[in-house]
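This report describes the fold and packing of a two-chain model. Please look at the sequence and the structure below before reading on.

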Amino acid sequence: MRLLTHNMLSSNIRGVTNGIPLRIEAEKVIEKQVGFNPDFLKNMFSKIEWKALVDASRSLGYSELPEEAPESSSVESEEFLRKFHHALLELHLDEGALVCPETGRKFPVNKGIPNMLLHEDEV
Amino acid sequence: MLQSHGFFVLLNASRCFYKFCKTCPRSFVNICCVCPPLISRTMREVKAKSAFGLCTAAAGGESNIQDSVSVSKDRSCSSSSVISTPELEKKYVHRVYDAIAPHFSSTRFAKWPKVATFLNSLPSGSLVLDAGCGNGKYLGLNPNCFFLGCDISPSLIKICADRGHEVLVADAVNLPYRTGYGDAAISIAVLHHLSTEKRRKKAIEELVRVVKKGGLVLITVWAVEQEDKSLVTKWTPLSEKYVEEWIGPGSPHIRSPSSPTLESIPETEENGMGECVKESKEKSTDKLWESLCLPSQSEDNLAVSKDEKAINNQQEYFVPWHLPYHRAEVSGASASALANGLAKKDDKKGAVVYNRYYHVFSAGELERLTSDMNNAVVVDRFYDKSNWCIILEKTSA
């Protein structure tokens, strides 16, 4: 699971009013390089919940992203874009869990695949 | 946004990276190409410090990190929640796809042109959500977009993941995505597996919810009006009474001894979309049609006689899937499916026969489901290869 995906996931358990962001428990992290696409990164920059991304990247062992949400002009800096690219697309949570911030319920991540299905009593 | 030419590829790292660099036109080199020496640093495992052990009990009482798809408990009557999966779908959609996944995937390779056109028309750099992605046939179809796929079948999702796609296991009726995040969404041959109108509507609402204002949603579903009419005679029609009331756990009637009707239906993996059919179709005959009428109409008989319902009003069906024995043995799920009466053996064909539940759509039905949505409008609708299709645009956040 990439952090791009994590940034858009929300706990959808019945009754939960604030299901984002899911906290990450990382057991195994993998890095995979992938093509650099500034257009895509600029598009994503406007959607990203920054703090969630920073916290998530730190839980995967990457601390190069600035704590504070960067100015939109930052996307013109290649140095920034490369760090953003790395955090967003190249870090993979392979084994671990995503934790609902409100209930503590854990959604497992196995072989890079999150399972977000709810149990009978959660719908 | 710049026009791009296929320089964003998200496949297995080293393989696609090389391909990307080779195909990258000169003029784009300075903005798109990162071509370091390939093989040496594609994968590096980083162990992250984990603050909590695997089995920490959390507030919600959840201490199991394993795949936690639950089997229904013994509950009486209907759940009031539209999100709760009816037994009919658990038995005749979820379990079937999990059992047949690799075989099913091997027959799903032809890319439907209308879907390809839609995906290729999206702006470069779009985030595309495929809800009910199946074997991931459309993921990555437009190399300039980022695809996120989800499906309710862990087996199908595993096939997608093995191909390098970004995917998760989720329910199309309750997408675990934040509102308004995606640039576009697709739902290809999915909604016809939902057994109530409320659930079908909810799934459409979810597709619209998860895209941004101005985002497009493409939905395709099997049509009542099949181009190959002989195909429909190979399906088992279900009475609506059966479908509407089918909410409790356990089915005495599915366990009934082999119904003569199912054995006599010729096999097909056709889905009305012109997919490559591996086994040859048999022509329907009058004799075959007679055999669809069960000799004794028990109270909970699920099949309808020709007299009960005109076939063109019929929208609820079981559509057979023939899983060859050698495939069934590999998957392992078929042994229990046979024991539970969920599937039957056809020795003549050497296959385990599963049934998939379908609600096929009538003309205009898909559009009618969207008529009371106040945040989306229909921008296109069409019929193509036995499917009804619609494109929605989200009009307000």
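In what order do the strands of the open sheet of four strands in chain B stand? In this predicted model, the order is E7-E8-E10-E9, and the pairing is antiparallel. Strands E7 (236–237) and E9 (343–346) of chain B lie at the edges with a single partner strand each, so one side of each has no neighbour in the sheet. E7(B) is joined to strand E8 (residues 316–324) of chain B by two bridges in the antiparallel sense. Within this pair, Pro237(B) has Tyr317(B) in E8(B) as its bridge partner. A helix also packs on the sheet: H3(B) touches E8 and strand E10 (351–359) of chain B, and the direction of H3(B) makes about 120° with that of E10(B).

**The sheet of seven strands**

Chain B has another open sheet, this one of seven strands, in the order E4-E3-E2-E5-E6-E12-E11 and with mixed pairing. E4 and strand E11 (376–384) of chain B are the edge strands; each has a single partner strand, so one side of each is left without a neighbour in the sheet. From one strand to the next, the twist averages 15°.

Is E3(B) mostly covered or mostly open? The strand is mostly covered, since six of its six residues are buried. Phe146(B), Leu148(B) and Cys150(B) point one way from the strand, while Phe147(B), Gly149(B) and Asp151(B) point the other way, and all are buried.

E3(B) pairs with strand E2 (residues 127–131) of chain B through five bridges, and the two run parallel. In this pair, Leu129(B) is opposite Leu148(B), and Asp130(B) is opposite Gly149(B). E3(B) also pairs with strand E4 (residues 167–169) of chain B, again in the parallel sense, over three bridges. Here Asp151(B) is opposite Val169(B) in E4(B).

Is Asn174(B) buried or exposed? Asn174(B) is buried, with a relative accessible area of 10%; the reason for the label is that buried means under 20% relative accessible area. Apart from its neighbours within four places in sequence, Asn174(B) is in contact with Asn12(A) and Leu118(A), and also with Ile83(B) and Glu206(B). The list of contacts therefore holds residues of chain A as well as of chain B.

**Two packed helices**

Two packed helices are described by the angle between their axes and the distance between the axes. For helix H3 (residues 87–107) and helix H5 (residues 154–162) of chain B, the axes come within 7 Å and cross at roughly 35°. On the side of H3(B), the residues that meet H5(B) are Tyr97(B), Asp98(B), Ala101(B), Pro102(B), Phe104(B) and Ser105(B). On the side of H5(B), they are Pro154(B), Ser155(B), Leu156(B) and Ile159(B). By kind, the residues of this contact divide into seven nonpolar, two polar and one charged.

Chain A has four helices and four strands. Along the sequence, these follow the pattern α-β-α-α-α-β-β-β. The radius of gyration of chain A is 15 Å, close to the 14 Å that the globule rule gives for 123 residues, so chain A is as compact as a globular protein of that length. The C-alpha trace of chain A spans about 50 × 30 × 20 Å along its principal axes. Chain B, for its part, has 13 helices and twelve strands.

Some totals for each chain are set out in the table.

| Total | Chain A | Chain B |
|---|---|---|
| Share of residues that count as buried | 67% of 123 residues | 53% of 397 residues |
| Accessible surface | about 4,400 Å² | about 18,200 Å² |
| Share of the surface belonging to carbon and sulfur atoms | 45% | 53% |

Note on methods. Residues numbered from 1 in each chain as written. Chains lettered and ligands numbered in written order. Predicted model: local features only at pLDDT ≥ 70, side-chain atom pairs only at ≥ 80, totals over all residues. Heavy atoms only, no water. Axes fitted to C-alpha atoms, helices over the stretch in contact; angles between N-to-C directions. Contact = heavy atoms within 4.5 Å. Nonpolar A, V, L, I, M, F, W, Y, C, P; charged D, E, K, R; others polar. Rg over C-alpha atoms; globule rule 2.2 N^0.38 Å. Buried < 20%, exposed > 50% of the residue type's maximum accessible area, 1.4 Å probe, protein only. Areas by Shrake-Rupley, 256 points an atom, 1.4 Å probe, with all protein chains shown as cover. Pairing = 2+ DSSP bridges.
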